[in-house]
Amino acid sequence: MELQGTVKKITEVQTFASGFQKREMVILTQEQYPQPINIEFLQDKINLLDSLNEGENVKVSINIRGREWVSPQGETKYFNSITGWRVEKVADNASEPTQSQSAAASSASNENPFASDDDDDLPF
């Protein structure tokens with residue numbers, strides 16, 4: 001799966017006692033109701049965030065992971081995490097065509113392709 005949005009926040013690397021490392025990035029989706037989505041980058045993927053800055057538009061390839069946890073009281077809970085494995089910078093204007101491009105496309109599709117044809121060689 002992929003998510004696209006603007007980088008809102010990039011955290012520092014977190015290293016745990018076991019040697020496990022993770023780093024998180026929050027992107028703000030670009031839709032009618034923008035959503036802040038937290039994405040984890042694990043182990044060797046944490047370096048993917050080094051070249052990014054807040055405010056940049058990105059496309060992130062993700063996996064959604066789920067896990068089950070049973071509390072000491074016997075209550076079962078479910079947790080989800082979003083894990084990133086690839087990040088691409090996206091140009092600001094790549095997602096929407098410019099006005100001149102869309103105007104040219106619509107005017108070209110409304111033209112009669114035979115309007116400039118002066119030779120009328122039909123027999124009737």
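Buried means under 20% relative accessible area, exposed over 50%, and partly exposed in between (1.4 Å probe, protein chains only). Strands (E, at least two residues) are DSSP runs, numbered from the N terminus, as are helices (H or I, at least four). The model is predicted: local features need pLDDT of at least 70, and side-chain atom pairs count only at pLDDT 80 or more, while totals for chains, interfaces and linings use all residues. Residues are numbered from 1 along each chain as its sequence is written, and side-chain values use heavy atoms, with hydrogens and water left out.

Strand β3 (residues 21-29) is largely enclosed by the rest of the structure, because 7 of its 9 residues are buried. The table lists its pairings; two strands pair if DSSP finds at least two bridges between them.

| Partner of β3 | Sense | Bridges |
|---|---|---|
| β1 (residues 2-10) | antiparallel | 5 bridges |
| β2 (residues 14-15) | antiparallel | 2 bridges |
| β4 (residues 36-42) | antiparallel | 7 bridges |

Val-7 stands opposite Ile-27 in β3, and Gln-14 stands opposite Lys-22 in β3. Pro-36 in β4 is the bridge partner of Leu-28. A hairpin with 5 residues between its strands is formed by β2 and β3, and Gly-19 in the turn has a positive phi of about 95°. Another hairpin, formed by β3 and β4, has 6 residues between the strands.

Asn-57 belongs to strand β5 (residues 57-70). Asn-57 is buried, with a relative accessible area of 14%. Its side chain makes a polar contact of 2.9 Å with the side chain of Gln-30. A polar contact is a pair of N or O atoms within 3.5 Å; within protein, one must be able to donate a hydrogen and the other to accept it, and residues adjacent in sequence count only if both atoms are side-chain atoms.
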